[in-house]
Amino acid sequence: MSKSNHILRPGVRPAARPEKASAPMTESPAVLKTAIVDAPAVKSDPPLDCFAAVPRGTEELAGAELSALGIFDVKPGKGGVAFRTDRAGLYRANLWLRTASRVLVQLASFPCSSPAELYDGTHAIAWQELITPSMTLAVDCSLRDSALTHSGFVALKTKDAVVDRIRESCGSRPNVDTSSPDVRINVHLHKNVCTISLDSSGDSLDRRGYRLERNEAPLRETLAAAVVALTGWDGTIPLADPMCGSGTIPVEAALMAAHIPPGLHRQFGFQRWLDFDNELWDGICAAAEEGISRLPVGLITGYDLDGRALLLAGRNASKAGLEGQVHFFHAALQEFRPEGDKGVVILNPPYGKRLGEEDDLRELYCQIGDVMKKQCRGWTGYVLTGNLELAKYIWLKASRRYVLYNGAIECRLLK
């Protein structure tokens, strides 16, 4: 069995840190900027083998984000990015990654083609050093192309091995809590190789903490951030979303431009680990807060005909620390007229698969093309759609296409 040299140990979740007001803008915003230079110096930790799980199509973006954080051993692959870092790097990755859904820390990897091999490989890990009987745990499982084919059985067998090892060492065992566990264990079984990891993120990283209410078909924050990043927008020209809904694209763009870490106002799984370094974490957050800028009026705008969605958009922007910096307007698509000679327009219209039938949406896609041609001269338009047949009704040739996934729906971001 192969193991990493260092295992981060779980502990008790600390109290939430108080929020601070944003500082005035002193320089032009830049996407994905971090405050690594001013972060506190820390003693060196043995390296951690990590994996950032990301939506398909965003692997290279996530790799670039990790490199911008000063993490250099980065290897993008299918569905995520493998990397090695220390404890401070793990904390920063959770705080700053915009396109990743979670960050896993590998504990062990071993051949696994039977229930006995799964149990023995998992039982060999010194779980009593990671989880106390008074704590709670949960097991997540993903498997593909392996002899074991039932994810529920694999998760149950893994749990049995973990609690048996702890009971043998401590005399009692921890309980399972699937909703809010102290420790979340991840089991990945691929081609009869099992990888056991600790989930350092806890709740998925797309849950930034600012979107308390969601409209009928929300775009995940991670995908919205990926869309903005793929446009190449750097915060120096205006950005507008004529069909903003509850405001996810404008808010994610604003977080980038204002240098606000997406995880600044939430809690993470690693904060429950026994070796959680609160002083290190506070220093990393304080350094990040010093780099926050205030956005100029009119830089980012959103428009929608749905008054309730606009109300949610305003609440979400305020919760994200962007009150008065992102502006929303009640307007139909055909009334959209951006101000300025140049900028970026991003739309995520319905696909005809969840919110309406394809026939009903053809006119909408025709309107998108008309608005871009007649009312957005000098601006660059991007449309994220999961329906390429409907996209033809825009009647504008796409100069670039990016493949992305909105959940299970294969999408295209069309430039």
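Colleague: Let me start with one side chain: is Lys 159 buried or exposed?

Modeller: Buried, with a relative accessible area of 16%. The cut-offs are under 20% relative accessible area for buried, over 50% for exposed and partly exposed in between, with a 1.4 Å probe and protein chains only. Before going on, note that this is a predicted model in which local features need pLDDT of at least 70 and side-chain atom pairs count only at pLDDT 80 or more, while totals for chains, interfaces and linings use all residues. Residues are numbered from 1 along each chain as its sequence is written, and side-chain values use heavy atoms, with hydrogens and water left out.

Colleague: Which residue does Lys 159 meet in a salt bridge?

Modeller: A salt bridge here is a side-chain nitrogen of Lys or Arg within 4 Å of a carboxyl oxygen of Asp or Glu. Lys 159 pairs with Asp 160 at 3.0 Å, N to O. Asp 160 counts as partly exposed because its relative accessibility is 26%.

Colleague: How many salt bridges does a search of the whole structure find?

Modeller: Twelve. Another of them joins Asp 145 and Arg 144, at 3.8 Å from N to O. Asp 145 is exposed at 52% relative accessibility, and Arg 144 is partly exposed at 40%.

Colleague: And which parts of the chain does the pair of Asp 275 and Arg 87 link?

Modeller: That salt bridge has an N to O distance of 3.4 Å. The two residues are 188 apart: Asp 275 is in the loop between helix 6 and helix 7 (278–290), and Arg 87 is in helix 2 (residues 87–96). Both Asp 275 and Arg 87 are buried. As for the numbering, helices (H or I, at least four residues) and strands (E, at least two) are DSSP runs counted from the N terminus.

Colleague: Helix 2 makes me curious about packing. At what angle do helix 2 and helix 7 pack?

Modeller: Two packed helices are described by the angle between their axes and the distance between the axes. Each axis is a line fitted to C-alpha atoms, for helices over the stretch in contact, and angles run from 0 to 180 degrees between N-to-C directions. Helix 2 and helix 7 pack at about 45°, with axes 10 Å apart. That makes helix 2 oblique to helix 7; angles under 35 degrees count as roughly parallel, over 145 as roughly antiparallel, 65 to 115 as roughly perpendicular and the rest as oblique. The crossing is right-handed, meaning that the near helix is turned clockwise from the far one by less than a right angle, whereas anticlockwise is left-handed.

Colleague: Which residues of helix 2 and helix 7 make the contact?

Modeller: Contact means heavy atoms within 4.5 Å. On helix 2 the residues are Arg 87, Ala 88, Tyr 91, Arg 92, Leu 95 and Trp 96, and on helix 7 they are Leu 280, Trp 281, Ile 284 and Ala 288. By class there are eight nonpolar, no polar and two charged residues. Here Ala, Val, Leu, Ile, Met, Phe, Trp, Tyr, Cys and Pro count as nonpolar, Asp, Glu, Lys and Arg as charged, and the others, Gly among them, as polar. As for the spacing, an α-helix has 3.6 residues a turn, so residues three or four places apart point the same way.

Colleague: Now the other pair: how do helix 5 and helix 6 cross?

Modeller: Helix 5 (residues 221–231) and helix 6 (residues 248–257) have axes that come within 9 Å and cross at roughly 65°. Helix 5 is therefore roughly perpendicular to helix 6. This crossing, too, is right-handed. Helix 5 contributes Glu 221, Ala 224, Ala 225, Val 228 and Ala 229, and helix 6 contributes Thr 248, Ile 249, Glu 252, Ala 253 and Met 256. Seven of these residues are nonpolar, one is polar and two are charged.

Colleague: How many residues of helix 5 are buried?

Modeller: Ten of eleven, including Glu 221, Leu 223 and Val 227. Just after helix 5, Gly 232 has a positive phi of about 80°.

Colleague: What does Thr 301 touch?

Modeller: Thr 301 lies in strand 11 (residues 300–304) and is buried, at 11% relative accessible area. Leaving out residues up to four places away in sequence, Thr 301 touches Leu 239, Ala 240, Asp 241, Pro 250, His 327 and Phe 329.

Colleague: Finally, what does the secondary structure of the protein chain come to?

Modeller: Ten helices and 16 strands. Of the 415 residues, 54% are buried.
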